[in-house]
Amino acid sequence: MPPQMPPNAKTNPNGSGSYCRFTPGRSAPPVDGTALLGPVGVEIDVGPGQPRRVWHYAVLKTAEPIRPNAIDLLLSSLDEPGASLFVQGRDFAANLKDRAPHLSARALAKRRWLWGVIIAAILIAVIVASFAAGWSPIKSIAGSLPGTWRQRLGDAARESMTEGHKQCADPAGLAALARLTDRLSKAAAVAAPFNVRVYDWPLMNAFAVPGSQIVLTKGLIDTAETPDEVAGVLAHEMGHGIEMHPETAVLRSIGLAAAVQVILGGGAGGGLANAGVMLAQLGYSRGAERKADRHAYELLKGAAISPKGLANFFIRVTKKEAENPGAANSPAFNWLRTHPPAAERAKLAREQPDYPAAPALDAQSWQALKSICTTTIEPKDEPEK
Ligand SMILES: [Zn+2]
């Protein structure tokens, strides 16, 4: 198609274009204007005295692929990174699709399909290599997923598992949590630090999701009597992360095809919601729990935090369970329920040798962490990393 094609008469009956709302950047307010389909790109006019912008067709992007029945569009462009353009008009959408065919739903589906084929080929190669080497294939695949894929799986799993709960965001509490996370991450000597979030959720729970992400609940922080106890639980969940237990569990539960869908941005879907339920309720094998515990004690030692915190936590929740049989099956004790057998692990915790240690957090930071849920944010307001 020649780029000199004149603007479509239907889109632009009087040369006035379609109504648009142009946002120059994140901090700048949007302005009203008109957009029309010029010879080489979308021409944006936001009033007298303002330069007329041209966003070239080849470098346009849409928030959503243009479907045949689209009535409006949200556009961005490599010509002006950070800016966005909202345009109303069915004809504008239809005619833009002719000029920038890469924006159509069909083109996007084709690209996704192509990526799906490439990823499937890589995964098959990994499976074959894994079998040849005599490894557990799912664990090997989990371990060989690129960081960004693990991140996407983790985001989707976390969102599905924490649905309906706000994220805690008191600044002093976040700073305290970051200090504790840093201290343990350094001891773990991992390439990228763990990403720990607290949710305003009365359930006593803590879990790791793919991509070195960990979720703690307000219920858990409320139950903890010392910062060392929180550090112990956190170190245990980091142990799961180091072993890629969440990645393995998600792949095992939803399968490769669904995981690829999630990685490609096909949405969480039912499959991942199930994976969330699985991670939250079934927990891991005893062997996996022992490995996570071993890491936990190593991390605590590396960070010079007493292992007694984890021990005390086990002893207390186990006692509560004994005093009130069945409590462990109540939703309030979720973490305990996914971490059997508590008595055996409490014993192991007690047996840990003592070493010089400093409190996981000073008194002031501990109070701040306890108050982290005095400010909450909606999940969608989470700042970009
Ligand atoms: Zn565990």
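The expected span of a helix is taken as 1.5 Å times one less than its number of residues. Helices (H or I, at least four residues) and strands (E, at least two) are DSSP runs, numbered from the N terminus. The structure is a predicted model, in which local features need pLDDT of at least 70 and side-chain atom pairs count only at pLDDT 80 or more, while totals for chains, interfaces and linings use all residues. Residues are numbered from 1 along each chain as its sequence is written, and side-chain values use heavy atoms, with hydrogens and water left out.

The protein contains 14 helices and twelve strands. Of its 385 residues, 45% are buried (under 20% relative accessible area, with exposed over 50% and partly exposed in between; 1.4 Å probe, protein chains only). Contacts are defined by heavy atoms within 4.5 Å; among those between residues at least 6 apart in sequence, 66% join residues at least 24 apart. The accessible surface (Shrake-Rupley method, 1.4 Å probe) comes to about 18900 Å², and carbon and sulfur atoms account for 58% of this surface.

Helix α10 (residues 286-302) has 17 residues, which should span 24 Å at 1.5 Å a residue; the end C-alpha atoms are 24 Å apart, in agreement with this value. Buried residues in α10 are Ala288, Glu289, Ala292, Asp293, His295, Ala296, Tyr297, Leu299 and Leu300. Just after the helix, Ala304 adopts a positive phi of about 55°.

A nonpolar core is a set of buried Ala, Val, Leu, Ile, Met, Phe, Trp, Tyr and Cys residues joined through side-chain atoms within 4.5 Å. The largest such core comprises 43 residues, of which Leu180, Leu184, Leu216 and Leu369 touch the most other members. Helix α7 (residues 227-242) gives the most to this core, contributing six residues. Leaving aside neighbours within four places in sequence, Leu184 contacts Ala231, Leu234, Ala235, Met238, Leu299, Leu300, Ala303 and Ile305. A second, separate core has 22 residues, including Leu73, Leu75, Leu85 and Leu103.

One disulfide (a pair of cysteine sulfur atoms within 2.5 Å) is found in a search of the whole structure. This disulfide joins Cys168 to Cys373, with an S to S distance of 2.0 Å. Cys168 lies in strand β8 (residues 167-168) and Cys373 in the loop between α14 (363-370) and β12 (376-377), so the pair ties together parts that are 205 residues apart in sequence. The torsion about the S-S bond is about 85°, and the disulfide is therefore right-handed. Both Cys168 and Cys373 are buried. Cys20 likewise counts as buried, because its relative accessibility is 0%.
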